[in-house]
There are 2 protein chains.
Amino acid sequence: MDLVKREQSALEGLEALCHAKGLRITGQRRVIVQILMDADDHPDADELHSMVRKVDRSISIATVYRTLQVLEQMNIVAKRDFGDGRARYEISVGQRDHHHHMIDIESGEVIEFYNQELEDLKMRIADELGFDLVDHHLELFGTRLASAGD
Amino acid sequence: MDLVKREQSALEGLEALCHAKGLRITGQRRVIVQILMDADDHPDADELHSMVRKVDRSISIATVYRTLQVLEQMNIVAKRDFGDGRARYEISVGQRDHHHHMIDIESGEVIEFYNQELEDLKMRIADELGFDLVDHHLELFGTRLASAGD
DNA sequence: GTGATATTGATAATCATTATCAATTGATAT
DNA sequence: ATATCAATTGATAATGATTATCAATATCAC
């Protein structure tokens, strides 16, 4: 899915779901979704707030927190925990249902990856345990391998 | 490993590692490790503090937090995040290097499991991404399957 | 345009966790 | 057994991320 269509689908997702659930589509919410769609990292609430205020300086930090919670409940945004003491966020509409993160513990860099075998295994493990898988958290933490030429 | 030997190995682990790192083996630390060894759940710091105070009511919450951090650094205790807004802890000495958790989102029950295939896959994915795996967080969240007889 | 109600901004409050510092304790040398 | 020293502790203030409160504002159906 190219970027423009992805952006459109997130906003359309926002509008459709808000309408379905009797929630308002406010300017603040549009801005927040737009900023997250344009982000290529996983900002925390404070970072997101800084970017949002560049578009509309009246939007408050409380609105950012509340809106993130609403968007998460609607599965437009995914909440992540990379172990640095605060929640981080990214758009989830228009992408694969899940992807995972490898965090470079030296640089802090976050590499996204998808692995179908892992998806299958999770489902199988849940089934073996007698559960219907609803959600999961997976983050890998590692250090860059020294290449053979190093 | 039966329970008594497991308990002994955690305390022995505490003593050996403290000595190796020039740290004191204090009464508070022994109590905290003992309580965690006896726990069959994953208490948060406050729950652990309540149990610890039944043994020695002078031990402060700050000591519990500091001690948990030290024990985590020494790999005697593992810190977990089950998504309920606070850290949870369990003994890791004397057990498999890793195990994972399935959290029943309806009851809050935590089921521990180990899956060798998952361990292998994690290592393989890390390698494919160019990383040396150092740590990971994995929690599965689900709801109990209705059995065929239900 | 109006009425109903969801949402907002500003900030106080909450909560889990950590920092501070004087007092205490553990380990070691003698 | 005692002295010494530095790690550790208890009590609590402080911190930072997040949430609650409430009057004011904005959205949306009609």
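Which residues line the largest cavity? Asp81(A), His137(A) and Glu139(A) do, together with Asp81(B), His137(B) and Glu139(B). The model is a predicted one.

## The cavity

Begin with the empty space inside the model. Rolling a probe the size of a water molecule over the atoms shows where empty space is left. The count here comes to one cavity of 30 Å³ or more. The largest cavity has a volume of about 40 Å³. Two elements give two or more residues each to the lining of this cavity: strand 5 (131-144) of chain A and strand 5 (131-144) of chain B.

Now look at the classes of residue. The lining of the largest cavity has no nonpolar residues. Two of its residues are polar and four are charged.

## The second largest pocket

Next comes an open space. The second largest pocket has a volume of about 150 Å³. Its lining includes Asp40(A), Asp41(A), His42(A), Pro43(A) and Glu47(A). Phe82(A), Gly83(A), Asp84(A) and Arg88(A) also line this pocket. So do Ile103(A), Gly108(A) and Val110(A).

## Chain A as a whole

How many helices and strands does chain A have? Chain A has five helices and five strands. Follow them along the sequence and the pattern reads α-α-α-α-β-β-β-β-α-β.

Chain A has 150 residues, and 41% of them count as buried. The chain exposes about 8,400 Å². Carbon and sulfur atoms supply 47% of that area. Contacts can also be sorted by distance along the sequence. Take the contacts in chain A with a separation of 6 or more: residues 24 or more positions apart account for 47% of them.

## A buried leucine

Leu48(B) sits in helix 3 (residues 45-55) of chain B. Is Leu48(B) buried or exposed? Leu48(B) counts as buried because its relative accessibility is 0%, and the cut-off for buried is under 20%.

What does Leu48(B) touch, once its neighbours within four places in sequence are left aside? Its contacts are Ile32(B), Ile35(B), Leu36(B), Pro43(B), Val64(B) and Leu68(B). Take Val64(B) from that list. Val64(B) is 16 residues from Leu48(B) along the chain, and their C-alpha atoms are separated by 7.8 Å.

## Two partly exposed residues

Thr26(B) is found in a loop of chain B, between helix 1 (3-20) and helix 2 (27-38). Thr26(B) has 25% relative accessibility, so it counts as partly exposed. Partly exposed covers the range between the buried limit of 20% and the exposed limit of 50%. Glu15(B) is 11 residues from Thr26(B) along the chain. The C-alpha atoms of Thr26(B) and Glu15(B) are separated by 9.8 Å.

Asp135(A) has its place in strand 5 of chain A. With a relative accessible area of 31%, Asp135(A) is partly exposed. Leu68(A) is 67 residues from Asp135(A) along the chain. The C-alpha atoms of Asp135(A) and Leu68(A) are separated by 18 Å.

## Asn75 in each chain

Now for the backbone. Most residues other than glycine have a negative phi. Asn75(A) has a positive phi, near 60°, and is not a glycine. Where does Asn75(A) lie? Asn75(A) is in the loop between helix 4 (61-73) and strand 1 (77-80) of chain A. Asn75(A) counts as exposed because its relative accessibility is 59%, and exposed means over 50%.

Chain B has its own Asn75 to look at. Asn75(B) is not a glycine either, yet its phi is positive, at about 60°. Its place is in the loop between helix 4 (61-73) and strand 1 (77-80) of chain B. Asn75(B) is exposed, with a relative accessible area of 59%.

Key:
Residues numbered from 1 in each chain as written. Chains lettered and ligands numbered in written order. Predicted model: local features only at pLDDT ≥ 70, side-chain atom pairs only at ≥ 80, totals over all residues. Heavy atoms only, no water. 1 Å grid on protein atoms, 1.4 Å probe; cavity = no way out; pocket = protein on both sides within 12 Å on 5 of 7 lines; lining within 4 Å. Points joined across faces, edges and corners; volume = space filled by probe spheres on them. Helix = DSSP H or I, 4+ residues; strand = E, 2+ residues; numbered from the N terminus. Buried < 20%, exposed > 50% of the residue type's maximum accessible area, 1.4 Å probe, protein only. Contact = heavy atoms within 4.5 Å. Areas by Shrake-Rupley, 256 points an atom, 1.4 Å probe, with all protein chains shown as cover. Nonpolar A, V, L, I, M, F, W, Y, C, P; charged D, E, K, R; others polar.
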